[in-house]
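Trainee: I would like to go through the labels used for this model and see what each one rests on.
Mentor: Ask about them one at a time.

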Amino acid sequence: MGPAGLSKIVYGSLDWHDGHSIQFRLIEFYAAADGWIGFEIAQYFWLCILLSYVTLIFEIGFPLCLFFRSLQKLAVCGTLFFLVNVFFVMNIDFITFIGPSYLVFLPWNKIRVYAIEKFPVLRKLETAWDV
């Protein structure tokens, strides 16, 4: 997410956040893939400006979760929310390609303990793995 925001500032100049770019993309995807939700959003220019700023702040701020553990849950939830919305609004499926990379943020040890408590038969597998 970080490089995407940085490239918008460095290569896209500061015009990216003026609302016109996202409005154009929403209309473009509506015409190409019948993204009626995006077309509805594009009719409210103030909302396009707001979405541009929120997207830019989110994309630039995302790398902070690498340094501040307290931001990880917020970043992961925000990203999943962002990707699901992009899918429904613009008909772009990033979830299939980017989604699995967020599995690293799951608390695997807690999931393992919960699974063993819920399904005692897994305790035998755990013993076999410990060998």
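Trainee: Why are R25 and E28 separated by about one helical turn?
Mentor: R25 and E28 are three residues apart in helix α2, so about one helical turn lies between them. Helix α2 covers residues 20–33; helices are DSSP runs of H or I with at least four residues, strands are E runs of at least two, and both are numbered from the N terminus.

Trainee: What should I know about the source of the values?
Mentor: This is a predicted model, in which local features need pLDDT of at least 70 and side-chain atom pairs count only at pLDDT 80 or more, while totals for chains, interfaces and linings use all residues. Residues are numbered from 1 along each chain as its sequence is written, and side-chain values use heavy atoms, with hydrogens and water left out.

Trainee: What makes R25 and E28 a salt bridge?
Mentor: The term requires a side-chain nitrogen of Lys or Arg within 4 Å of a carboxyl oxygen of Asp or Glu. In R25 and E28 the closest N and O atoms are 2.8 Å apart, so the pair qualifies under that definition. By this rule the count comes to one salt bridge.

Trainee: Why is R25 called partly exposed?
Mentor: Buried means under 20% relative accessible area, exposed means over 50%, and partly exposed is in between (1.4 Å probe, protein chains only). R25 has 41% relative accessibility, so it counts as partly exposed. E28, with a relative accessible area of 33%, is therefore partly exposed as well.

Trainee: Why does F67 count as exposed?
Mentor: F67 has 65% relative accessibility, and therefore counts as exposed. F67 is placed in the loop between α4 (45–61) and α5 (72–90).

Trainee: What makes L64, L66, F67, F68, L71 and L74 a nonpolar patch?
Mentor: Patch residues have over 30% relative accessible area and no salt bridge; nonpolar side chains (Val, Leu, Ile, Met, Phe, Trp, Tyr) are joined within 5 Å, like charges within 9 Å. L64, L66, F67, F68, L71 and L74 form such a patch on the surface, with about 660 Å² of accessible area together. Areas come from the Shrake-Rupley method with a 1.4 Å probe, and for residues only the protein chains shown count as cover.

Trainee: Which secondary structure does the protein chain have?
Mentor: The protein chain has eight helices and zero strands. Buried residues make up 25% of its 131 residues. The chain exposes about 9600 Å², of which carbon and sulfur atoms supply 72%.
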